[in-house]
Amino acid sequence: MHEEMRALLNAYLDGELQGRRLREIEAHLVSCAECKKELEELRLVSQKLQTDTSVEAPSAERFISQLTLSLPRRSQPNPQPKSISPAWWLVPAGLLMGWVFIQTVYTLTDLVTAANLTGLLGSASRWLGSGQESAWLGAAVTLFGGQILAQPAISLLNNVSVSVSNFFIGYIWQAVIVLLYWAWLGAWWLRHKRQPKNMENAV
Amino acid sequence: MAQPQTADTETGLIEQAQHGDRNAYGELVRRHYQGVVLVVTRMCGDAGLAEDAAQEAFMRAWVNLPSFQPRGSLRNWIYRIAINAALDVLRHKPEETLEDEQAGRMPDQGAGPETALIEKEQADALQQAVKSLPEAARAVLVLREFGGLSYREISGVLDVPIGTVMSRLNYARNRLREVLSSEMEIMEMNHA
């Protein structure tokens, strides 16, 4: 209790205590001669510091005239910090939506392809038709005739080729979105850097 | 030339100075000059260094004034700049400025010679003790004793919690109290 009150002596001296704390320390000071003595010593230190007249400020007028002469020019008077336009936030939001859209399309495509390969789609797979064919298969069909599609190994190769192609195209789209997002981050950082610094950074 | 009515208020002066009006800035400097000089002098413990620090502080304040938000306290903002300017000046001071500036200070002639000597010795001892405090504790002490800032304001200026302000002030004042007590004991022994 004594140490706790002792730690508050300066705050009490500076009038920084209120309410319960103030009442507690006032009550403590009535009964504790040691704290009372310390408080008086702290008060004396404060008085001595504040009444020390050894600091003689140079003439304000001379100082100000020298200062105003040496003040640098400000190229951009009063640049107010610009609020960030909502359009700025539409860019990352649009990129995110684009990414979600592409992911959804490719996931659905993979699911449909997988269902088609396993025969789950049944006769409904007919509408997929030529969309599943790679360019090399189209060329082979033209060269060898429609019977080539009957070969299971060729069909499998075709499906693998379509899946790999879809896989890489999906990654290219994602890479494009990531690059656009980085570009946006870079532009935002540059814009933020050019704005005047806040009060706390100004010193 | 008649100035707009807002020119008399600090906010008006700040606005004008933010637009590059050097006269308005000069008036702002005049209003805060004494406080800043007191703070930097106590931080530096040397009149020459303090003048450099004050010059640097007001220069930085001018450069950064456009980003100052008038809803904040200009005095606290300038004190913050002044404390940092004083610390920077101290870090870059040449060795030859380390001499004790109190050496040439004369005691107050209004008091009796013995009292004046005692007061001078105590003041010198206190000033030396202030100079010897760690920078963080000295900044809190200076802002409280010479800047007249509240704990909350000091907390804002130095960007530290109020609890830290209290503990640093406790440390600084207790250190000075010890110096003053030992000084008084020595004097009592000398005069016994």
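Where in chain A does Thr68(A) lie? Thr68(A) belongs to helix 5 of chain A. The model is a predicted one, in which local features need pLDDT of at least 70, side-chain atom pairs count only at pLDDT 80 or more, and totals for chains, interfaces and linings use all residues. Residues are numbered from 1 along each chain as its sequence is written, while chains are lettered from A and ligands numbered from 1 in the order in which they are written. Helices (H or I, at least four residues) and strands (E, at least two) are DSSP runs, numbered from the N terminus.

Confidence in chain A is described first. Helix 2 of chain A has the highest confidence in the chain, at a mean of 94. The lowest falls in helix 7 (residues 135-144) of chain A, at 67. Over residues 196-202 of chain A, pLDDT stays under 50. For that stretch the model has 15 contacts beyond four places in sequence. Two residues are in contact if their C-beta atoms, placed from the backbone, lie within 7 Å.

The interface between the chains comes next. Chain A contributes 36 residues to the contact and chain B contributes 46 residues. On the side of chain A that touches chain B, the elements giving two or more residues are helix 2 (9-13), helix 4 (33-51) and helix 5 (60-70). Helix 4 of chain A gives the most to this side, with 8 residues. By class, this side of chain A holds 21 nonpolar, 7 polar and 8 charged residues. Here Ala, Val, Leu, Ile, Met, Phe, Trp, Tyr, Cys and Pro count as nonpolar, Asp, Glu, Lys and Arg as charged, and the others, Gly among them, as polar.

Axes are lines fitted to C-alpha atoms, for helices over the stretch in contact, and angles run from 0 to 180 degrees between N-to-C directions. The crossing of helix 5 of chain A and helix 2 of chain B is right-handed. A crossing is left-handed if the near helix is turned anticlockwise from the far one by less than a right angle, and right-handed if clockwise. Helix 5 of chain A makes the contact through Ala60(A), Phe63(A), Ile64(A), Leu67(A) and Thr68(A). Helix 2 of chain B supplies Arg22(B), Gly26(B), Val29(B), Arg30(B) and Tyr33(B). This contact has 6 nonpolar, 2 polar and 2 charged residues. An α-helix has 3.6 residues a turn, so residues three or four places apart point the same way.

Thr68(A) is in contact with Arg22(B) and Gly26(B), leaving aside its neighbours within four places in sequence. Thr68(A) is partly exposed, because 15 other C-beta atoms lie within 10 Å. A residue is buried if 20 or more other C-beta atoms lie within 10 Å of its own, exposed if 12 or fewer, and partly exposed in between, with C-beta atoms placed from the backbone.

Chain B has 8 helices and 0 strands. Of its 192 residues, 37% are buried. Among contacts in chain B between residues at least 6 apart in sequence, 63% join residues at least 24 apart. In helix 1 (residues 10-18) of chain B, the buried residues are Leu13(B), Gln16(B), Ala17(B) and Gln18(B). Helix 2 (22-44) of chain B is part of what covers them. Just after helix 1 of chain B, Gly20(B) takes a positive phi of about 100 degrees.

Helix 6 (residues 135-145) and helix 7 of chain B pack at an angle of about 135 degrees, with their axes 10 Å apart. Helix 6 of chain B is therefore oblique to helix 7 of chain B. Angles under 35 degrees count as roughly parallel, over 145 as roughly antiparallel, 65 to 115 as roughly perpendicular and the rest as oblique. The crossing of these two helices is right-handed. Ala139(B), Val140(B), Leu143(B) and Arg144(B) of helix 6 meet Ile154(B), Val157(B) and Leu158(B) of helix 7. This contact has 6 nonpolar, no polar and 1 charged residues.

Two loop residues of chain B complete the account. Asp159(B) lies in the loop between helix 7 (151-158) and helix 8 (162-191) of chain B. Its phi is near 60 degrees, a positive value in a residue other than glycine. Asp159(B) is exposed, with 9 other C-beta atoms within 10 Å. Pro94(B) lies in the loop between helix 4 (74-91) and helix 5 (113-132) of chain B. Pro94(B) counts as exposed because it has 7 C-beta neighbours inside 10 Å. Pro94(B) and Leu49(B) are 45 residues apart in sequence and 9.9 Å apart in space, C-alpha to C-alpha.

Key. pLDDT is the predictor's confidence in each residue, from 0 to 100.
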